[in-house]
Amino acid sequence: MARIIVVTSGKGGVGKTTSSAAIGTGLAQRGHSTVIIDFDVGLRNLDLIMGCERRVVYDFVNVINGEATLNQALIKDKRTEGLYILPASQTRDKDALTEEGVAKVLAELKQRFDYIVCDSPAGIEKGAQMALYFADEAIVVTNPEVSSVRDSDRILGILQSKSLRAREGQDAVKEHLLLTRYNPARVSAGEMLSVADVEDILAIPLLGVIPESQDVLKASNQGEPVILNSEALAGQAYSDAVDRLLGEDRAHRFLDEEKQGFFKRLLGGRG
Amino acid sequence: MSFLDYFRSKRPASSAATAKERLQVIVAHERGQRNQPDYLPAMQQEILEVIRKYVPVEQDDVQVQLDENGNCSVLELNVTLPG
């Protein structure tokens, strides 16, 4: 049975699309057929992050409206076997995503894929609610920063009250915390909330910590999910997170500053 | 911290600690409001209008709170009348 995973956050710009691309790619790399759906109607960007922006012909809303078949709209990823992308529409019509329409498309995707990753738009409006409504699991992407943490708590409230699972009284949506843009040096300087601080406040299980890294911008510049860069710390951190998502035990890495030499420390140098 | 830092004066409480404290307060407050029904603010407003017809009271003088006790809910209304 296919699992539907929503990648959500409330706040914008925290790394939802970057994380959706990385985690979707990671699942497919491990042999699970996966589709990543862009729910951000009007502000399509998953295609750019995945490097397939020039191959978009039909989109999610076309499929809902019966203007294209799912096969016509799905874009096969050229790098990773078993990975597909369903792009968002650029329409300005806010009501383009209907509950029945989304349900119909998801039901069809469930027949073909092991994992359906829903890349949510920012905010708590219709698009964000549609992205999380059918979810079995939720990855809440959070930056160690006050507004992001508060908004994450808000989105957790919505998951617990307005998702299909909540409405129908089924088992709750399984929640995961993904802390991104983590800077261990600033944490030890007391300038940034620590992993433990954020876990304390949100009180949901930790899926992974992605260190702040220049490789993430490089990856999006090139349209290649950062998880494909196995030398990047952020890529390795996403790989660990995918393994944990699949139930494997992986120790958390990159939580501390890189070790510095004795002389560098003596002179007060910071990496 | 470098060797030289030991000679500098003590740093003030970290900003991360302040952030955590502020978050704990606001998140707890908002979680409390999360489960209240959507009609509560509108009802509070209408109750306020009715009371105002007879007594001059301010918005803050009327507190409406809904508490759940098992299978029944208690609507608590606190009005501070001017002395």
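In this predicted model, B:Leu77, leaving aside its neighbours within four places in sequence, is in contact with B:Ile47, B:Val62, B:Gln63 and B:Val64. The residue belongs to strand E2 of chain B, which covers residues 72–79, and B:Leu77 counts as partly exposed because its relative accessibility is 43%. The C-alpha atom of B:Leu77 is separated by 24 Å from that of B:Val27, a residue 50 places away along the chain.

In chain A, the UniProt record, an unreviewed entry, lists residues 5–226 under "domain: CobQ/CobB/MinD/ParA nucleotide binding". Strand E8 of chain A, formed by residues 206–211, is mostly covered, with six of its six residues buried. Strand E7 of chain A, residues 174–182, pairs with E8(A) in the parallel sense over four bridges, and A:Leu178 stands opposite A:Gly208 in E8(A).

Turning to the cysteines, a search of the whole structure finds zero disulfides over all chains. A:Cys52 is accordingly in no disulfide, and the nearest cysteine sulfur, which belongs to A:Cys118, is 16 Å away, whereas a disulfide would require the two sulfur atoms to be within 2.5 Å.

| Residue | Relative accessibility | Class |
|---|---|---|
| A:Cys52 | 3% | buried |
| B:Cys72 | 40% | partly exposed |
| B:Leu77 | 43% | partly exposed |

A:Cys52 counts as buried because its relative accessibility is 3%, and the cut-off for that class is under 20%.

Methods. Residues numbered from 1 in each chain as written. Chains lettered and ligands numbered in written order. Predicted model: local features only at pLDDT ≥ 70, side-chain atom pairs only at ≥ 80, totals over all residues. Heavy atoms only, no water. UniProt positions renumbered as here; feature names shortened; annotations may be inferred. Buried < 20%, exposed > 50% of the residue type's maximum accessible area, 1.4 Å probe, protein only. Helix = DSSP H or I, 4+ residues; strand = E, 2+ residues; numbered from the N terminus. Pairing = 2+ DSSP bridges. Contact = heavy atoms within 4.5 Å.
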